[in-house]
Amino acid sequence: MNRLVVASNRVVDPECGPGAGGLVVSVLEALRNREGLWLGWNGEIVASEEDLSISRQNFEGITLVVTPLTEADYNEYYLGFSNSSLWPVHHYRLDLAKFTQESAEGYRRVNDRFADMLHPLLKRTDLIWAHDYHLIPLGANLRERGVNNAIGFFLHIPFPPPDVLAAMPEHGWLIDALLQYDLVGFQTSVDQANFCRFVCEFLGGKMRSQDTLFAAGKTLNTGVFPVGIDVDAFISIATSPEAEVRIERLYRRGESRVNILGVDRLDYSKGLPDRLRAFKRFLELYPQHRKAATLMQIASPTREDVQAYIDIRRELEGLSGEINGEFGDFDWTPVRYIHRLVSRETLAALYRGSQVGLVTPLRDGMNLVAKEYVAAQDENDPGVLVLSRFAGAAEALEEALIVNPYDTDEVAQAIQRAITMSRDERMERHQALISRIRLGDAHSWSKKFIHALEACRCCTAA
Ligand code: GDG
């Protein structure tokens, strides 16, 4: 079996065990099965390049190779090009995108450094898997260093329509870099189609089959690999006796309340202001739920050094204050807004104790919260998932109440429909959803990608 080498922006501390998300667990599992190597940033920041060092650690047969970033790298590569240029463009938000030469150079510099670190560690038969928008050029950088291994890339975020991407300075060399991979994986067929359209319309590429392109003198394989969760691990957290105690404490179950829940990183792609406006509309349209319905919104802090994230936080705090001021009463707070990272155990209890899971991003690669919400439900009395049609998860999760997150009235009506849905219908929908989530769980996701990467080349055993 060929060794697996994974490169991602962050290497997560593997000792966080069951607290880690399904994605990390699935990558670790794949690495463990293949005595793999994982390379990336350790989350630390040092003053300058002279302070950089590489450290190696072994964990359950996996080699972790990590390095800090310099302050300039952090500002230019991470906050700059990755999160202020690529992230907004890929989420169709050209209006929020910022471009500077320094940030593009910082992005190239860090990708070059990662390639320099990885190159001497590679064996001829390694399968190499690069993750996400931070590392688009890594494969091409390795090719420049003479690496001829099978190299795959998986994009966790959406791929925008050709005209949106074409408006981004620097897009040309990024697409050229993607063409250097053997396999480029996407979350949904829409993302895959956007990429293929770009290559065909702008670069004269030709489709050879649904998943195969011919461009720049070579064949490129593409595929759809929807990311999943570790379903059983999540169910066991949500159904533990401790979870029951937590639900009692968090929701004071005895009271007849309607709990509506949102869980997101505080990111403008997640549609939080629109969600709050829809909840306000719901209170206006269905006054019978006043004093009973509460929207609990967990908005965990993220990228707080980027202006767009400071702005969205202000907007959200303003809106929740406005709704609470207008509708709230001495014994009822309509919006409970929590700007803090909460434990995975608390999250699972919140999911299980709420009648409605409100997942309404304006654009999202997949959205694992939607899948976690379904997995956490009591199968005999499940809550209802209200899901944006613009989340990647909507491509498979047809039995959710699918909504347009920009349509305030439609979301308000969906909340009402969820609350008043019969138990039979809720159970039927839940059963269908949980089967779909099981079918595409985190374990099968990494297996399918690696299998497809192996199939791209005839990899001889090490
Ligand atoms: C990117 C893509 C794609 C959230 N708040 C807390 C917390 N979370 C956990 C959730 C979930 C994860 O973070 C968020 O995953 P999402 O998929 O919803 O979104 P992104 O972070 O934007 O992830 C996305 C994903 O990559 C995977 O490919 O699905 O589209 O944008 O697991 O539970 N966890 C804890 N406390 C919190 O407060 N413990």
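## Residue T212 and strand β9

Leaving aside neighbours within four places in sequence, T212 is in contact (heavy atoms within 4.5 Å) with K206, M207, T219, L220 and N221. T212 is found in strand β9, residues 212-215; helices (H or I, at least four residues) and strands (E, at least two) are DSSP runs, numbered from the N terminus. The side chains of T212 and S209 are joined by a polar contact of 2.8 Å. A polar contact is a pair of N or O atoms within 3.5 Å; within protein, one must be able to donate a hydrogen and the other to accept it, and residues adjacent in sequence count only if both atoms are side-chain atoms. With a relative accessible area of 16%, T212 is buried; buried means under 20% relative accessible area, exposed over 50% and partly exposed in between, with a 1.4 Å probe and protein chains only.

## Basis of the model

This is a predicted model, in which local features need pLDDT of at least 70 and side-chain atom pairs count only at pLDDT 80 or more, while totals for chains, interfaces and linings use all residues. Residues are numbered from 1 along each chain as its sequence is written, and side-chain values use heavy atoms, with hydrogens and water left out.

Five of the five residues of strand β6 (residues 150-154) are buried, so β6 is largely enclosed by the rest of the structure. In a regular strand the side chains alternate between the two faces of the sheet. In β6, A150, G152 and F154 point one way and I151 and F153 the other way, and all are buried.

Strand β5 (residues 127-131) runs parallel to β6 and is joined to it by five bridges; two strands pair if DSSP finds at least two bridges between them. L127 stands opposite A150 in β6. From β5 the chain passes through helix α4 (residues 138-144) to β6, in a right-handed β-α-β crossover. Right-handed means that, with the strands pointing away from the viewer, the path from the first strand over the helix to the second runs clockwise. Strand β7 (residues 183-186) also pairs with β6 in the parallel sense, over three bridges, and F154 stands opposite G185 in β7.

The ligand is surrounded by 24 residues, of which the closest are H156, R265, V342, D364 and E372; a residue counts if one of its heavy atoms lies within 4 Å. Each of β11 (258-265), β12 (293-300), α12 (344-352) and α13 (368-375) supplies at least two residues of this shell.

A nitrogen atom of the ligand is 3.0 Å from an N or O atom in the side chain of S300. A polar side-chain atom of D364 lies 2.6 Å from an oxygen atom of the ligand, and a backbone N or O atom of G365 lies 3.0 Å from an oxygen atom of the ligand. Taken alone, the ligand exposes 720 Å², of which the protein buries 85%; the areas come from the Shrake-Rupley method with a 1.4 Å probe, and for residues only the protein chains shown count as cover.

R426 has its place in helix α15 (residues 423-439) and counts as buried at 16% relative accessibility. Its side chain makes a polar contact of 2.7 Å with the side chain of D381. The C-alpha atoms of R426 and D381 are separated by 7.5 Å, although these residues are 45 residues apart along the chain.

H171 belongs to helix α6 (residues 171-178). The side chain of H171 reaches the backbone oxygen of M168 at 2.8 Å. Leaving aside neighbours within four places in sequence, H171 is in contact with L165, A166 and F198.
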